[in-house]
Amino acid sequence: MTPDNEVRFRGCLDDVAAYKPGRPPARSDGRPTYKLSSNENPYPPLPGVLAAATEAAAQMNRYPDMGAVDLLEALSARFGVPVSDLAVGTGSVALLYHLLQAAVSEGDEVIYAWRSFEAYPIAVQLTGATSVQVPLTVDARHDFKAMEAAITERTKVVLVCTPNNPTGPVVRADELLAFLDVVPRDVLVVLDEAYREFVREPGIVDGVEVYRERPNVVVLRTFSKAYGLAGFRVGYAIGHPEVVAAIRKCALPFGVSHVAQAAAIASLAVEEQLLERVEALVDERTRVVEELRAAGWDVPDSQTNFVWLELGEDTVAFAEAVQAEGVSIRPFAGHGARISIGEREANNLFLAVARDWRK
């Protein structure tokens, strides 16, 4: 008999690293602190969105609509896609987990660029499949020729993070479409577009338009970033009915709360106002990048709400220096740091450290 204290778990868990959230800021001298470590929208909720969430909270004793009917209909109207092509989940990362659970198992391979979203290797390992990580180019972009060469008979899914988290560049239309032309039709391609609303580079393909013509393409997006609903966890997938049906089968019942659904619907109704805030963040991103480059930093062309600094072995020390000024950023030890675009005061504190560091 197995002793009571020797509970057995799946072997794939042995090498799974825990997801590391952005650190909260810390300071003991009473001065303000700022969090630039989690790519959050720094603006408070719009009054109408807050009112919708508050009203919905009065029904917290009831289960949410498991089918998220009203939210799906609002998304259907917004993007001009049928409800059968939509699924919602607790953030786009939850939809990714559901999708991989439906699509891959032990012995299969999932290809993605690296470095990219740190949840990717965790999500893949939990299925028992194998991650095939393809290094980014020297300018922090996807290397599609190398990704094409990595495809084998065991490849079941390819993840494309565009714009890429944590480095920032967006995938160009010509390179993405050329890559999709050579991907086997039975390989699912996931376009993770969590930061799509921040893209200003011309000639960028819209994942929603790509999916319409390609049955093996599914798009993931979120209300967490541009729409400022990070605390409510609402993401959505747009794909063909067979793909969406598979996601829904793996989803947890009642995953997206009634409050979150109400806030997301209200956000779509005031999207123009929300996107004005996004435009302000894009302007601030431009300022931050220009000041960093003027100080001598080599900054990738970010199309997101963050910037990436390649710091190598200095990464942790740099993060600690910024933390000493009351600002938390997201270090990836041995590689670099990701710094969200936040309040102007926070950005200025970070920039001051960055300028001194180059000196």
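# Chat about a two-domain predicted model

Q: How far apart are the C-alpha centres of domain 1 and domain 2?
A: They lie 25 Å apart; the domain bounds come from an automatic or database domain assignment. Bear in mind this is a predicted model, where local features need pLDDT of at least 70, side-chain atom pairs count only at pLDDT 80 or more, and totals for chains, interfaces and linings use all residues. Residues are numbered from 1 along each chain as its sequence is written, and side-chain values use heavy atoms, with hydrogens and water left out.

Q: Which residues go into each domain?
A: Domain 1 is 21-39 + 272-358, and domain 2 is 47-269.

Q: And how many residues of each are in contact?
A: 21 residues of domain 1 touch 22 residues of domain 2, where contact means heavy atoms within 4.5 Å.

Q: OK, helices. How do H1 and H9 cross?
A: The axes of H1 (residues 47-57) and H9 (residues 258-269) come within 8 Å and cross at roughly 155°. Helices here are DSSP runs (H or I, at least four residues), strands are E runs of at least two, and both are numbered from the N terminus. Axes are lines fitted to C-alpha atoms, for helices over the stretch in contact, with angles running from 0 to 180 degrees between N-to-C directions.

Q: Which residues make that contact?
A: On H1, Gly48, Val49, Ala52, Ala53, Ala56 and Ala57; on H9, His258, Val259, Ala262, Ala263, Ala266 and Ser267.

Q: New topic: is helix H4 mostly covered or uncovered?
A: Mostly covered: H4 (residues 119-127) has seven of its nine residues buried. Buried means under 20% relative accessible area, exposed over 50%, and partly exposed in between (1.4 Å probe, protein chains only).

Q: Which ones are buried?
A: Ala119, Tyr120, Pro121, Ile122, Ala123, Val124 and Thr127.

Q: What covers them?
A: The cover includes H3, strand S3 (109-114), strand S4 (130-135), strand S5 (155-161) and strand S6 (188-192).

Q: What follows H4?
A: Gly128, with a positive phi near 90°.

Q: Back to H3. Is His98 buried or exposed?
A: His98 lies in H3 (residues 92-103) and is buried, at 12% relative accessible area. Not counting residues up to four places away in sequence, His98 touches Ile247, Cys250, Ala251 and Leu252.

Q: Last one: what does Ala17 contact?
A: Leaving aside neighbours within four places in sequence, Ala17 contacts Ile122 and Gln125. Ala17 sits in the segment before strand S1 (34-35) and counts as partly exposed at 47% relative accessibility.
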